Amino acid sequence: MSAPDLLLVLLVAVPAVVGAVLVLAGPSRFSAAAGVATLAAAATASVPAVVAGAEVSVPFVAGSRWGLTTSGPAEVLLPTVLVVATLVLVVAGGVPETREPRFTGLMLLFTAAAALTVLATSLPGLLVGWELMGAASYALIGYRWADPGRVASGATAFLTTRAADLGLYLATAVALAGGTDLSLDALAGIEGGWRDVAAAGVLVAALGKAAQLPFSFWLARAMDGPSPVSALLHSAAMVALGGYLLVRLSPLLDATGWAAPTAAWLGVTTAVVLGAVALTQTDLKLLLAASTSAQLGFVVLAAGVGATAAGTAHLVAHAAVKALLFLAAGAWLEALGSKRLEVLTGAARRWPALGALTVAALLALAGLPPLSLWGTKDAVLAAAHAESAALYAAALVGTALAAGYAVLALVHLARPVPARPAEQAGRVPRRVPVALAPLALGAVLLGVLALPPVLERLPGRVPAEPTWPELVGSSVLVLAAAAATAWLVGRGRGTPAPLRPLRAWLHAWLRLERAAYAVLVRPTVRLATAAARADDLLARAVAGTARSTLTSAGLAARADAGTDRVVHGVAGALARGGRAVRRSSASGQLHHYYLQQVALLLLVLVVVSLIVLVGSRR
């Protein structure tokens, strides 16, 4: 094994081992530093591994191989995941709760699982990373285990994504049934209808992880976890890797003829609908969560139209922007004790260093030129335009909404500080703006990934490049939407009466969780309750039958014992009679013989009568 290949193995194995040790370890003031050092080393090691094109493969089951590779989207996503995770742990180390060994260990395990997911070359490896990532996310979202509400939120997120994950198992079973090996590259070559089933399974699993419609509601519940968890799960890992899976398996979507258009329309619909949901939020973390689903909608759209290079670029730029924003929201939550926008009014001015970084990230999220998401998003829009005018129009609506929800947060945070702030301000640790500075740099500069010379060098396809009219048109649209939002928020008027029901529906995340309970959870619980009651009735019936059988057996045993005593008594009497007959017959007198015969006959009649009587009583 070459040195780069060994590095590839170690940058997955070492964080996993260190994470497991920290989870099991007792209190230690060095755990946060150990976690940061481990991930920093892994991030550093990922660079030579990617440059050398490291690839490791060993034989596995069903003729497949268990492998890791830095080719494809992993070239840029692997360093992104590890760098973002390192910076998140740096910030988490400034808060007593999130510098505990258990938290640091879980974050390392989660990061190792995300890295394995990105590097996997076959379905078995992908499934292991995918499942461990989901399990670690449940533990992290419900990290405050003493709070039942937070644990329930973790369970909701886990069960929702877990249900969608069954699609990957379906795809694995189909790959076996279709006679191909289990490598990801072989899925597009499955013959006949099996390929359609595999594509459907992959699509469902990816949409669930990426919080796309109709699975988006779990992302709102995930906001109950600590802010560093939100920063990692919803920027470079977990949610982002749902989009990555579709980008990675775009050839499978294309091969079916229907899966690619379906993914494109679901992605652009999520970008529009969840963008509208974000506009109605009054909680900063929930606004950012809805925007995560909306922005991942552009990645899913890119996978559907075959713009995999643009989708990869958008994933990387979004990771920097969203990690920064979630970490800033967490810092203000610690300082002010609230996530509500009205409480956070003027926060960017009260903490200028953190505020400047946050403003840069929000402007990038709005899609303002020349910042990162402006370029990557327009690369996706160009491919959508080449595919369908309707897709392009819908994507432009999503673009305008993105400008709206980003400016909504920006106006609240950048307003002048109220004369009497709603909350007494705490402090923001100095490490926070220091750790966020590289992310802000990425939010500003990563638009370079969308430049044609760079985009063409990224792994994946570039079906179309944005033209100058498209770039200018989208920029004008973004500026107009941003200005309109700033004006409306500045006026401070409430929602018109006719639109209030729509706003309430959007504010409640389309009430998708309630619908899932009504359509899936409650019927399942009722069916399980009915089955449990039927099982109880069956158990009682079986127990009653067993008791009756035992009683009958006891009675039969006593009757048999009685019959046995009678038979033995009669047999004994006959034996004694026989001996008496022998003695009397030895006398030689004829009348004695006849009397013995009569007595024997009477005795036989009595025995027969007794047997008949006993038989009739049974």
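Predicted model: local features only at pLDDT ≥ 70, side-chain atom pairs only at ≥ 80, totals over all residues.
1. Helix 2 is followed by G53, a residue with a positive phi near 65°.

2. Helix 5 may be considered on the same terms. With 19 residues, helix 5 reaches 26 Å from its first C-alpha to its last, close to the 27 Å expected at 1.5 Å a residue. Helix 5 is mostly covered, since 14 of its 19 residues are buried.

3. The next points concern helix packing. Two packed helices are described by the angle between their axes and the distance between the axes. For helix 4 (residues 101–119) and helix 5 (residues 123–141), the angle is about 155° and the axes are 8 Å apart. Helix 4 is therefore roughly antiparallel to helix 5, as angles over 145 degrees are classed in that way. Helix 4 passes helix 5 in a left-handed crossing. On the helix 4 side, the contact is made by F103, L106, M107, F110, A113, A114, L116 and T117. Helix 5 contributes G125, L126, V128, G129, W130, L132, M133, A136, S137, A139 and L140. By class, the contact of helix 4 with helix 5 holds 15 nonpolar and 4 polar residues, with no charged residues.

4. How are helix 10 and helix 13 oriented to each other, roughly parallel or roughly antiparallel? Helix 10 (residues 239–248) and helix 13 (residues 284–304) pack at about 10°, and their axes are 8 Å apart. The two helices are therefore roughly parallel to each other, the cut-off being an angle under 35 degrees. From helix 10, the contact draws on V239, A240, G243, L246 and V247. From helix 13, the residues are T292, L296, V299, V300 and A303. The contact of helix 10 with helix 13 comprises 8 nonpolar and 2 polar residues, and no charged ones.

5. Helix 17 and helix 21 (residues 468–491) have axes that come within 10 Å and cross at roughly 120°. That angle makes helix 17 oblique to helix 21. The crossing of these helices is right-handed. In helix 17, W374, D378, A382 and H385 take part, meeting E470, L471, S474 and S475 in helix 21. The contact of helix 17 with helix 21 divides into 3 nonpolar, 3 polar and 2 charged residues.

6. Some backbone details deserve a check by the reader. Most residues other than glycine have a negative phi, and most peptide bonds are trans. Where do cis peptide bonds occur? One joins L213 and P214, with omega about 5°. P214 is placed in the loop between helix 7 (193–209) and helix 8 (217–221). Another cis bond runs from P369 to P370, with omega near 0°. The location of P370 is the loop between helix 16 (352–366) and helix 17 (372–387).

7. M238 has a phi near 60° and lies in the loop between helix 9 (227–233) and helix 10. Is M238 buried or exposed? M238 counts as buried because its relative accessibility is 1%, and the limit for burial is under 20%. W509, likewise not a glycine, has a positive phi of about 55°. W509 is found in the loop between helix 22 (500–507) and helix 23 (512–585). With a relative accessible area of 7%, W509 is buried.

8. G179 is exposed, because its relative accessible area is 65% and the exposed class begins over 50%. How many Å separate G179 and T345 in space? The distance is 60 Å, C-alpha to C-alpha, and G179 and T345 are 166 residues apart in sequence.

Note on methods: Residues numbered from 1 in each chain as written. Heavy atoms only, no water. Axes fitted to C-alpha atoms, helices over the stretch in contact; angles between N-to-C directions. Helix = DSSP H or I, 4+ residues; strand = E, 2+ residues; numbered from the N terminus. Parallel < 35°, antiparallel > 145°, perpendicular 65-115°, else oblique. Contact = heavy atoms within 4.5 Å. Nonpolar A, V, L, I, M, F, W, Y, C, P; charged D, E, K, R; others polar. Buried < 20%, exposed > 50% of the residue type's maximum accessible area, 1.4 Å probe, protein only. Left-handed = near helix turned anticlockwise from the far one by under 90°. Expected span 1.5 Å × (residues − 1).
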